[in-house]
Amino acid sequence: MKLHTIKHQTPKQKKHSLLGISFLVLFVFTLCKTPEVKKAPVVVVEQPKKVEQVIEKQDPNLAFLESIEDGRELPDSDKWKVEQYESFNEDTFPSYGPANATIDFAKVDYPLLNAAIFYVTSKERKQLGLRPFKYSERCEQAAFGHAQDMVTYDFYSHTSTVNGKETLKDRLDLVGVSETYSAENIINAFGIQYQSGRPVFTPAQNGGPFFSYTKAGTPIPNHTYLSLAKAVVEVWFNSPGHRKNILNPEFNYMGAGAYFYKDKKFFDVDKVKAVQVFTGKP
């Protein structure tokens, strides 16, 4: 039997042996240690923000382009048809019964009112030795459309705030009249037979929906179609610039248009905005 012998080491030898073992363990541990894996930076993916749809606000004084259709087709009337311009003239129209009817502003007969303005204007011209106007349906369409726009979009000017209808030329182009000499008169008038310059009592003072010259007195009546036409033409005729348009011999054709509204700035008094359009050709 082979015997193994155990060699005894001196303290110094033991110390060296322990140091050697320690270095060996440290070396092995260093070699076997799992290297640290550097983590990739965390990328935060943000959800896309909701894109808000931006809608431009429409200028309240500016109509949409579709409104250029306004005025091309005149309202229907059971009292006045376009064909009747061939049957009446400036001398016979004043005797036409419906023209002398009081205007009900809840249901205005616009073709009849337009005709009244046309004939009263033409008569003034004839009395001064000029040829009476010839009626133009296209001029009436342009005039009525502008009167309607001035009420609907709350402006009062020859320059419209409606896209595509800014100038008289634009408005005439839309109804098919071009390359002609033209002019336009406009007016803002009372629908009641108010005498200019006289003080009145308002509905608030009268305790009722009417104006009067004395407190709670006789209501100032509404105009008839003919009397309203005479009132607006008289104002135009007394204004040099408007009178010049009416009497210009280069204008052979005319059409008139008016549109009713209640003036909220003055106790809802009945008013109309009226327009005359003059051209050298129909």
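**Labels and their cut-offs**

Modeller: At 44% relative accessibility, D91 counts as partly exposed, because buried means under 20% relative accessible area, exposed over 50%, and partly exposed in between (1.4 Å probe, protein chains only). This is a predicted model, in which local features need pLDDT of at least 70 and side-chain atom pairs count only at pLDDT 80 or more, while totals for chains, interfaces and linings use all residues. Residues are numbered from 1 along each chain as its sequence is written, and side-chain values use heavy atoms, with hydrogens and water left out.

Biologist: What makes K126 and D91 a salt bridge?

Modeller: The closest N and O atoms of K126 and D91 are 2.8 Å apart, and a salt bridge is a side-chain nitrogen of Lys or Arg within 4 Å of a carboxyl oxygen of Asp or Glu, so the pair qualifies. K126 lies in helix α2 and D91 in the loop between α1 (11-32) and α2, 35 residues apart, where helices are DSSP runs (H or I, at least four residues) numbered from the N terminus.

Biologist: Why is K169 called exposed?

Modeller: The relative accessible area of K169 is 56%, which is over 50%, and therefore K169 is exposed. Its salt-bridge partner D173, with closest N and O atoms 3.0 Å apart, is partly exposed at 34%.

Biologist: Why does G217 count as buried?

Modeller: G217 has a relative accessible area of 18%, which is under 20%, so G217 is buried.

Notes:
Helices (H or I, at least four residues) and strands (E, at least two) are DSSP runs, numbered from the N terminus.
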